[in-house]
Amino acid sequence: MKTAAIGNWIKKVLVFLFALVYLAPLYIAVVNSVKPYDEIIKSPLSLPDQFTFQNFTDAFESSNMPELYQNSILITASSVALLVLLTSMAAYIIARRRGKIYQALYLFSLAGIMIPPVVTLIPSIKTLSALHLLYTMPGLLLFYAGTYFSTTIFLYVGFIKTIPDSLDESAYIDGANPFVTFFKIIFPLIKPCTATAVIFLGMWIWNDFLNPLYILGFRGGKTITTGIYNAIGAHTSMWNLVFANVMLASLPIVILYLSMQKMFMQGLTSGAVKG
């Protein structure tokens, strides 16, 4: 009993330390975003003596935040919608068919997971340039669709396999074609998986910095990450604006996660429970 108690105590301490490591940057960003510049320089880890939200106003205006939000929301929402639509339909066919060709297609799709996105950046830029899509938002959208196709289809195939085939058979008997079966029966049942995919894809695409920097350049517009990079470059010593920019950039993803948290957790656990 004593050994078990000591083991549990050690686990709790380790969990606390890991949580502390992950929460420390968040604490620093939140606390310093509502402190005047002088307080940040004097004591960056302490709670603010004087709360101020002027940092957010100044950061919003100096970084041209409305345009950055508009571009990032448009790119993220379009990319996620395209990926969810294409991969969910492809995953439904792969999960329901029992032929070697479909298994080969699935393995071919999964091969993209093993290729780091950075490796495909230069070939993608050359391809987009040949198609006259470089420095355009549609070009970046197609890049994201190709980059995250493998990961998303992997999520959907595993989830759809937990749904009984009898639902498809009943729909077929009632005269429903595959499109009606998928959109009327299957797609509503995979909402937890869709929520998981939306949160992961939204986070990856929203926080992406390198790909928009090269594919959009300065002619194609700025996203939230590239815009804040430029703002921080102009205000390197103005730490109150830096932390305010960071919080403004993180806010939409936090709202997305909180709004879809319940379905997100179901999507992570349902495969293990039903499998």
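Ser 33 touches Thr 52, Asn 55, Phe 56, Phe 243, Ala 244 and Met 247, once its neighbours within four places in sequence are left aside. This serine sits in helix 1, which covers residues 2-33. Please keep in mind that the model is predicted. Here is a short tour, starting with the whole chain and then visiting a few spots.

**The chain as a whole**

- The secondary structure of the protein chain comes to 15 helices and zero strands.
- Along the principal axes, the C-alpha atoms fill a box of roughly 70 × 70 × 35 Å.
- Of the 275 residues in the chain, 37% are buried.
- Among contacts with a separation of 6 or more, 73% are between residues 24 or more positions apart.

- The average pLDDT for the protein chain is 87, and 93% of the residues score at least 70.
- Residues 271-275 are a stretch to treat with care: pLDDT stays under 50 there. For this stretch the model has three contacts beyond four places in sequence.
- Where pLDDT is low, the predicted coordinates should not be read in detail.

- Is Ser 33 buried or exposed? Ser 33 counts as buried because its relative accessibility is 2%, below the 20% cut-off.
- A polar atom of the Ser 33 side chain lies 2.7 Å from the backbone oxygen of Val 30.

**Thr 152 in helix 8**

- Thr 152 belongs to helix 8, which runs over residues 149-160.
- With a relative accessible area of 1%, Thr 152 is buried.
- Which backbone oxygen lies 2.7 Å from a polar atom of the Thr 152 side chain? The backbone oxygen belongs to Tyr 148.
- Setting aside neighbours within four places in sequence, Thr 152 is in contact with Leu 83, Thr 87, Ala 197 and Leu 201.

**Helix 11**

- Helix 11 takes in residues 191-207, 17 residues in total.
- From its first C-alpha to its last, helix 11 reaches 24 Å, close to the 24 Å expected at 1.5 Å a residue.
- How many of the 17 residues of helix 11 are buried? The count is 12, which leaves helix 11 mostly covered.

**Thr 181 in helix 10**

- Thr 181 is found in helix 10, made up of residues 178-189.
- At 3% relative accessibility, Thr 181 counts as buried.
- Beyond its neighbours within four places in sequence, Thr 181 is in contact with Tyr 92, Asp 168, Ala 171, Ala 176 and Ile 186.
- From Thr 181 to Ser 170 the C-alpha to C-alpha distance is 9.5 Å, and the two residues are 11 apart in sequence.

**The largest pocket**

- The largest pocket holds about 390 Å³ of space.
- Its lining has 18 residues, and those nearest the centre are Thr 120, Ser 124, Phe 143, Gly 146 and Thr 147.
- Helix 6 (121-130), helix 7 (137-147) and helix 8 are the elements that give two or more residues to this lining.
- Which helix gives the most to the lining of the largest pocket? Helix 7 does, with four residues.

Methods:
Residues numbered from 1 in each chain as written. Predicted model: local features only at pLDDT ≥ 70, side-chain atom pairs only at ≥ 80, totals over all residues. Heavy atoms only, no water. Expected span 1.5 Å × (residues − 1). Buried < 20%, exposed > 50% of the residue type's maximum accessible area, 1.4 Å probe, protein only. Polar contact = N/O pair within 3.5 Å; in protein donor to acceptor, adjacent residues only side chain to side chain. Contact = heavy atoms within 4.5 Å. pLDDT = per-residue confidence, 0-100. 1 Å grid on protein atoms, 1.4 Å probe; cavity = no way out; pocket = protein on both sides within 12 Å on 5 of 7 lines; lining within 4 Å. Points joined across faces, edges and corners; volume = space filled by probe spheres on them.
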